[in-house]
Amino acid sequence: MDRLSDQAASTRMLETMAHNLLSALARASVPTSTNPAPTPILTPSPITTSAPTPSSTASHASRINNALKRQFPGMYSGGAVNKGKARFKTPDKPHRVTDLPVFVLPGPTTMTPKGSKELELAHAGLGKKVVLVPESAKHSEIVSLMEGEFTKLRALMGRWMFFKATGGSGQRKLSIIPIDSDGYSGRQLRVASNNGKNVLYLVPLQEELETEPLPFSSPEFSKMPKVLCNKCLETVPLQMLTLHSENCQTTQEQTDKIIIDDNDDEDDEGDSDADVDCTVEKGVCPICQLEFPATELPHHANICAERSSNTEEHMDPNLPSTSSLNTTPPLPAQTTEGWKTAAPSKAVRIFMEGLRREADHQQPLQLTLNAGDTDEERDGTLISFYKQRRETCQWAADFRCSILVGVGVMRNTLSTAISKLTRGFKKNMGNAGVTTIFEGQREHLVPNLSATILECDLFAMAGRMVGHSAIHGGPSLSGLSPTFIDALICGTKDIVTSKLCLEDCPEIEVRDTISLVLGRANAQIKQFRKGIKETGIWPLLTARPDVLPLLFPREKDVELTPQMVLKLISWPEASADSDESEDEMSASKITLISGFFRTFVEEASSDVLKDLTKFWTGWELPMQRLTLQIVKSRGRHHLPTASTCYERLRVPDHYKSGSELKSDLQQCLQSVETGFGLI
């Protein structure tokens, strides 16, 4: 007590001395007058108030008071004196967040998964992910976070617990993480995972989760970086690329598998039934009256019908043969070298027939398509088929399409493949929804210089498409730049540089650097040449340069005119018998509908005529004969139909004007890219 009283007395004395000092200084600063005021007597008591002073004195005193307040804040603060340390408001600390590695298992278990199963679980939307868990999170919040990252956990409705693995490598035992009375907390999980260094395993307690692979567009993969598969050109999460590559290869092998055909030659037609399994169902061909297995009969009947209907008298001598699948009689063996001296169109026919004859022992190639596929899926199937490398003789083997049986389907497939090279595949290669292999102006198409297309070997794929179509008498790739064709065959830069023109550069703004075009496309040209060589037609191109206009024609050389189409049409007659026509159909009605159709052909452009021919026969090449039939209508919604294998177009008889027929035909022609007609 004595010490406290002494401290209080000392404090009061100091305050009194300070006030007295202040008053003395204030008086000293005031000028002296004739009648100075008496000096006040100093007393030890503190002074709480002072007498009024002049303005100059108050101003000076104020400056001194401010100086003293800075030196003695406790005594000159103007208010009550705070005892102890000064208190400062501390800012709120941010919530601590833990990067928690969580591995979701598909069902109840006491062991960690095998390393080989981790990718499969990740593809199913399970597996390992890093979840951001606040330390202050409660059990309900943790459940919501886990269900947000792993959507399949929502079906469990919280019936799961966390486990942690024991030390070691490989498969390890799991031990449960005990749950608190109020559930898991963010702090508990942070401690259990050693600040996010150890993986926690989320194990369902009762149910089994689905492990079927999810599509790559699922929300589970939305945060993963995406890359482009080099095989199927599908956008895949980077983490899934290894697993996808195995499945992609398997799918490609299944797509390109070869169907074994034990009856590919007519040499086996006379074999006895002892060589055939008695359980195989057989049928009789309605044309040649020979027996074939029921599964093979539709394909044989189509080829047999084409052989019987096509005659050489209707062939245009200026066009190369458009028959396929060995529909013309094979040439004798001694004439196989005649292509070296024959006329260009005949040389192409002889050479291609020789390739097909050498492939007689080969098993047929099968392209698997689904009629319900989207345009993008159909284009992906074509790309996968032609990216597959095969032996040279396999490209000349019998070619079939699984979507339907018939030569018309084969024609449509080859025509679609060639047209996609310039019109574009509906596959996103990173910069556009449609990817064209060749681009530029009409008659001056050059390779697309995209690095992605080159890395995906799409120019080699294009070369295989061109060679495969040529072997089977299909459409040619038209409109290429003459400079590109010379570089493809000759490969001499000095020769082709002199032929470069402004139109060979698709980038108009850089046409002043036209001399760089050839060098920039050098890798694309080499890859395209490689694909052509794999099909076996390269010797013909190098030995007979005069056939190049037939295999790489100009656009104007492959245009169709109304006169060309009308010349090939076999018009209906009133007395002709037809399976779908009735005897009472008058000659006037047949003449009327035929006139409407003739008017449509005469007014059509070259592109429309190509679509009409493709709808009629399967591809845009002029055939030997185009049969037109007028059939009994089944109603006003009855549209024209086509049997592409037999080059037969059926037009119903309900049309009253040419405009009605034109409207329905235009509607039909819109299906040439996806529809295959009637077989």
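These legends describe close-up views of a predicted model. Local features need pLDDT of at least 70, side-chain atom pairs count only at pLDDT 80 or more, and totals for chains, interfaces and linings use all residues. Residues are numbered from 1 along each chain as its sequence is written, and side-chain values use heavy atoms, without hydrogens and water.

**View 1. An open sheet of 4 strands.** The order is β14-β15-β17-β16, and the pairing is mixed. Strands are DSSP runs of E, at least two residues long, numbered from the N terminus. Two of them pair if DSSP finds at least two bridges between them. β14 (569–570) and β16 (641–643) are the edges; each has a single partner strand, so one side of each lacks a neighbour in the sheet. Inside the sheet, β15 (residues 626–631) runs parallel to β17 (residues 648–652), joined by 5 bridges. Q629 has R650 of β17 as its bridge partner.

**View 2. Strand β1 and its partners.** In β1 (residues 97–104), 6 of 8 residues are buried (under 20% relative accessible area, 1.4 Å probe, protein chains only). β2 (residues 127–134) pairs with β1 in the antiparallel sense over 8 bridges. Here L100 stands opposite V131. β5 (residues 200–204) pairs with β1 in the parallel sense over 3 bridges. There V102 stands opposite L200.

**View 3. Helices α12 and α16 packed together.** Helices are DSSP runs of H or I, at least four residues long. α12 (residues 458–471) meets α16 (residues 522–535) at about 35°, with axes 7 Å apart. The axes are lines fitted to C-alpha atoms over the stretch in contact, and angles run from 0 to 180 degrees between N-to-C directions. Contact means heavy atoms within 4.5 Å. Among the contacting residues are F459 and V466 of α12 and F528 and I532 of α16.

Definitions and conventions:
Buried < 20%, exposed > 50% of the residue type's maximum accessible area, 1.4 Å probe, protein only.
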